[in-house]
Amino acid sequence: MQETRFQKALATLSDQTKTTVVLVARPDKGSINEASKTSEDLKNLGLTNQRLAFNTVFHAHDPNDQVAHSIEALGAKAINEMPINLRELPRDEIPLRPFNTVGLPSLRALLTENSAPISPASHVSLDSNSFAGLGDLVDDLAQADNGLVMVMGKGGVGKTTIAAAVALGLLQRGKTVHLNTTDPAAHLAVTLNGEIPGLQVDRIDPAEETKKYVAKVMAQKGKNLSQEEKDLLLEDLQSPCTEEVAVFHAFSRVVSEARNSFVVLDTAPTGHSLLLMDATGAYHRQVTKELHGKVTTPLMRLQDGKYTKIILVTLPEITPVSQAAALQEDLRRANIEPYAWVINKSIATAGTRDPLLENRVQGEQEQMQRVANGLANRTYILPWLTKPPIGIEELSRLAPAAPREET
């Protein structure tokens with residue numbers, strides 16, 4: 001019955017006269033690549049009636065404003081270089097507006113043409129010396145000689161960039177560093193765009209970890225079994241739960257490595273990470289019950305603020321900040337206290353006189369105050385960068401070490 005209902009629902013979704021799928025992406029390479037993958041996955045299911053909507057497309061009002069020009073140029077480049085499968089789709093563009101699109105009045109305003117002149121805003125910009133930057137965060141982390149640094153947040157907020165910059169910053173300060181990722185999208189290699197001497201870079205690949213875990217179980221438990229019993233064991237290991245267990249074991253190994261060095265972990269988007277946390281909690285409850293608490297579990301290491309530093313990454317916008325706040329509450333329910341927040345891509349700290357962006361800055365500052373005045377224990381800000389932080393040279397500039405005083 002369930003299969004019949006599924007097939008019926010799929011048939012409706014595949015019917016071009018009844019269903020249109022709208023793929024929404026920002027004019028950003030990572031967001032566009034995610035839309036491209038989603039488009040292919042949906043096509044494979046038969047959902048071929050698709051449209052593409054680019055949200056928050058920006059056009060500079062002052063061509064001499066370097067920040068505004070760079071935002072427009074990067075967006076245009078990302079759109080022009082979109083994958084071929086997206087080029088074939090009908091396309092819509094929603095321009096960036098000078099207000100946050102939250103609440104009915106703002107949502108209704110999205111349906112109107114944005115032809116009215118933008119009211120000038122009072123010039124507001126933050127001096128780079130008035131806020132703590134990513135270099136300050138790395139300096140704080142480098143007070144220790146080892147530990148786990150987990151970079152967490154929703155997709156698209158810049159977790160991979162922050163994780164890579166923190167790892168490079170720690171390496172520049174003489175630390176031994178292992179940079180790892182649990183993100184199935186695996187943006188880390190693209191962000192680094194090269195090898196760094198002394199930096200170990202790895203990825204927890206669910207398929208590869210499952211393969212190794214199955215082989216290990218078969219070697220240990222299947223050693224003295226008959227062929228029929230081995231076949232039954234192998235069949236049991238085809239369960240989806242096997243992948244969860246395999247990924248958890250790989251995660252546990254990474255957590256343990258932080259006893260001897262720094263481990264910087266670029267996590268998957270929030271949903272994937274919370275599933276991993278659930279598995280960590282379940283393992284903790286089982287092991288402590290069986291061994292009467294005489295063991296240090298991965299969850300206990302995550303709860304240890306001296307061992308683990310959770311870095312929440314967000315954008316200075318109302319929805320990403322609210323999502324990060326919800327993630328923080330989920331972590332706190334597991335007795336895991338985030339160490340700091342990083343507010344990424346701040347226009348307020350980049351310096352701009354573009355009238356649309358200056359109107360956006362006012363909303364940014366409200367969210368930055370919201371974070372600093374109650375959500376975060378520590379706040380660090382990374383300005384919007386006129387050059388994408390891709391490659392070792394650009395990443396190294398994000399968290400520079402303070403010059404050493406000559407003795």
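Colleague: Which residue follows α2 with a positive phi?

Modeller: Quick note on the ground rules: residues are numbered from 1 along each chain as its sequence is written, and side-chain values use heavy atoms, with hydrogens and water left out. This is a predicted model, where local features need pLDDT of at least 70, side-chain atom pairs count only at pLDDT 80 or more, and totals for chains, interfaces and linings use all residues. Helices (H or I, at least four residues) and strands (E, at least two) are DSSP runs, numbered from the N terminus. As for what follows α2, phi is positive, near 100°, and the residue is G46.

Colleague: What percentage of the contacts with a separation of 6 or more comes from residues 24 or more positions apart?

Modeller: Contact here means heavy atoms within 4.5 Å. Among contacts in the chain with a separation of 6 or more, the share from residues 24 or more positions apart is 76%.

Colleague: Back to α2: what span does it reach from its first C-alpha to its last?

Modeller: Helix α2 takes in residues 29-44, which is 16 residues. The expected span of a helix is 1.5 Å times one less than its number of residues. For α2 that expectation is 22 Å, and the model comes close to it, at 23 Å.

Colleague: Why are the buried residues of α2 on the same side, and what arc do they cover?

Modeller: The buried residues are I32, A35, S36, S39 and L42. They lie on the same side of α2 because they cover only a limited arc around the axis, taken from the directions from the helix axis to the C-beta atoms. An α-helix has 3.6 residues a turn, so residues three or four places apart point the same way. The arc for α2 is 135°.

Colleague: Which residues are exposed on the other side of α2?

Modeller: The buried residues of α2 have cover that includes β1 (21-25), β2 (50-57), α3 (66-80) and α4 (84-87). On the other side of α2, the exposed ones are K37 and N44.

Colleague: Which residue caps the N-terminal end of α2?

Modeller: Look for a side-chain oxygen 3.2 Å from the backbone nitrogen of S31. The residue that supplies this oxygen, and caps the N-terminal end of α2, is D28.

Colleague: Is β7 enclosed or open, and how many of its residues are buried?

Modeller: In a regular strand the side chains alternate between the two faces of the sheet. In β7, F262, V264 and D266 point one way, V263 and L265 point the other way, and all are buried. Strand β7 (residues 262-266) is therefore largely enclosed by the rest of the structure, with a buried count of 5 of the 5 residues.

Colleague: Which residue in β7 is the bridge partner of N180?

Modeller: Two strands pair if DSSP finds at least two bridges between them. Strand β4 (residues 147-152) pairs with β7 in the parallel sense over 5 bridges, and V151 has D266 as its partner there. Strand β5 (residues 177-181) also pairs with β7 in the parallel sense over 5 bridges. For N180, the partner in β7 is L265.

Colleague: Which side chain joins that of E337 in a polar contact?

Modeller: E337 sits in the loop between α14 (318-333) and β9 (340-346), and is partly exposed at 39% relative accessible area. Not counting residues up to four places away in sequence, E337 touches R332 and N377. A polar contact is a pair of N or O atoms within 3.5 Å; within protein, one must be able to donate a hydrogen and the other to accept it, and residues adjacent in sequence count only if both atoms are side-chain atoms. The E337 contact is 3.0 Å, and the partner is N377.

Colleague: What is phi of N335 near?

Modeller: Most residues other than glycine have a negative phi, and most peptide bonds are trans. N335 is in the loop between α14 and β9, and counts as exposed at 58% relative accessibility. Its phi is positive though N335 is not a glycine, at a value near 60°.

Conventions:
Buried means under 20% relative accessible area, exposed over 50%, partly exposed in between (1.4 Å probe, protein chains only).
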